Amino acid sequence: MAAEQPTATVPGDQTRIHNIGYRSYDGPRLGRAYARRSLYSQSLRGAYGFGRSARSKVLPMLLFAVMCLVAGILVAVTVVTKANDLPLDYTRYAIVLQAVISLYVASQAPQSVSRDLRFKTVPLYFSRPIETSDYVRAKYASLASALFILTAAPLLVLYVGALLAKLDFADQSKGFAQGLVSVALLSLLFAGIGLVVASVTPRRGFGIAAVIAVLTITYGAVSTLQAIAEVQGSPGAVAWIGLFSPITLIDGVQSAFLGATSSFPGGVGPSNGEGAVYVLVTLGMIAGAYGLLMRRYSKVGL
């Protein structure tokens with residue numbers, strides 16, 4: 001039986017062109033502004049756990065409830081005792097509850113940026129059409145907005161409760177407006193500090209510990225030094241020492257320009273001249289935080 005001869009193969013028969021359905025996108029090009037808004041809205045929702053797992057919602061919602069619950073209790077005390085004013089001024093509320101605010105920043109700032117660093121998704125954002133400035137602005141604005149919601153909501157509870165208790169409308173409206181200015185400045189400052197610290201490490205746990213350390217240790221150290229200066233008869237040094245902590249910075253600004261009572265030892269806040277330095281330092285820290293974030297993410301995107 002004759003052996004079967006192999007069939008000759010023409011070189012061109014090995015080449016095949018398969019149409020697997022790739023088509024160019026012919027829809028609308030929404031551009032950088034839309035991408036920036038989308039990143040902002042998603043980051044803001046994520047700051048309260050929306051769009052994430054149920055476990056991720058527990059802590060931010062619990063902290064938000066604590067902030068509003070304390071305000072509700074103060075309103076109830078005012079109504080029951082028929083007081084002529086709220087037990088706590090609008091401008092003092094965030095200072096008294098600064099531990100809750102610091103815990104919120106420590107938990108949400110790393111969630112906002114550390115995950116992107118850990119999973120190396122930042123260069124994907126910068127591929128197109130988002131640029132470094134878009135990413136930084138969206139993340140900064142989202143965390144600042146989340147903080148403003150956290151701090152302004154209890155002030156609204158106080159304001160509505162005060163009006164229902166038939167307290168003076170003009171006084172309450174003025175105090176409420178001053179409180180909103182104070183917490184807006186606090187939100188910008190704390191958001192910048194939290195994001196800068198969290199962007200240093202891709203580890204979320206390390207980021208949380210670092211943010212807590214920066215916000216709480218500086219406040220404890222500054223408060224201790226202020227108390228020592230007051231005891232030693234150096235009240236002039238108390239105001240200058242307050243420049244080295246975010247909480248005391250906000251306290252000094254609002255006591256100098258918003259008519260708030262100061263938590264400094266002796267109850268005496270900075271003068272108007274010293275308050276101007278507080279404002280400049282606060283705005284400088286906000287601008288500096290933005291600049292550091294820009295430098296950090298311009299390197300990450302390379």
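At what angle do helix 1 and helix 6 pack, and how far apart are their axes? In this predicted model, the two helices pack at an angle of about 35 degrees, and their axes lie 8 Å apart. As helix 1 passes helix 6, the crossing is right-handed. On the side of helix 1, the residues that meet helix 6 are Arg32, Arg36, Leu39, Tyr40, Ser43 and Leu44, while the residues they meet in helix 6 include Tyr135, Ala138, Lys139, Ser142 and Ile149.

The axes of helix 4 and helix 6 come within 11 Å and cross at roughly 155 degrees, and because an angle over 145 degrees counts as roughly antiparallel, helix 4 is described as roughly antiparallel to helix 6. This crossing, too, is right-handed. Helix 4 contributes Ile101, Tyr104, Val105, Gln108, Ala109, Ser112, Val113 and Asp116 to the contact, and among the residues of helix 6 that take part are Tyr135, Lys139, Leu143 and Ala146. The residues of the contact of helix 4 with helix 6 divide into 10 nonpolar, three polar and two charged.

In one of them, Tyr48 and Tyr104 form a tilted pair, with 5.5 Å from centre to centre and 40 degrees between the planes. Tyr48 lies in the loop between helix 1 (31-46) and helix 2 (54-81), whereas Tyr104 belongs to helix 4 (residues 98-118), so this pair ties together parts that are 56 residues apart in sequence. Tyr48 is buried, with a relative accessible area of 7%, and Tyr104 is likewise buried, at 0%.

A further pair is formed by Tyr135 and Tyr297, whose ring centres are 5.0 Å apart and whose planes stand at 50 degrees, so that this pair is tilted. Here again distant parts of the chain are linked, since Tyr135 sits in helix 6 (residues 132-164) and Tyr297 in helix 11 (residues 272-300), 162 residues apart. Tyr135 counts as buried because its relative accessibility is 0%, and Tyr297 is buried with a relative accessible area of 1%.

Returning to Tyr48 and Tyr104, ring pairs link these residues and Phe64 into a cluster.

Methods
Residues are numbered from 1 along each chain as its sequence is written. This is a predicted model: local features need pLDDT of at least 70, side-chain atom pairs count only at pLDDT 80 or more; totals for chains, interfaces and linings use all residues. Side-chain values use heavy atoms; hydrogens and water are left out. Rings of Phe, Tyr and Trp (its six-membered ring) pair if their centres lie within 6.5 Å; planes under 30 degrees apart count as stacked, over 60 as edge-to-face and the rest as tilted. Helices (H or I, at least four residues) and strands (E, at least two) are DSSP runs, numbered from the N terminus. Buried means under 20% relative accessible area, exposed over 50%, partly exposed in between (1.4 Å probe, protein chains only). Axes are lines fitted to C-alpha atoms, for helices over the stretch in contact, and angles run from 0 to 180 degrees between N-to-C directions. Angles under 35 degrees count as roughly parallel, over 145 as roughly antiparallel, 65 to 115 as roughly perpendicular and the rest as oblique. A crossing is left-handed if the near helix is turned anticlockwise from the far one by less than a right angle, and right-handed if clockwise. Contact means heavy atoms within 4.5 Å. Ala, Val, Leu, Ile, Met, Phe, Trp, Tyr, Cys and Pro count as nonpolar, Asp, Glu, Lys and Arg as charged, and the others, Gly among them, as polar.
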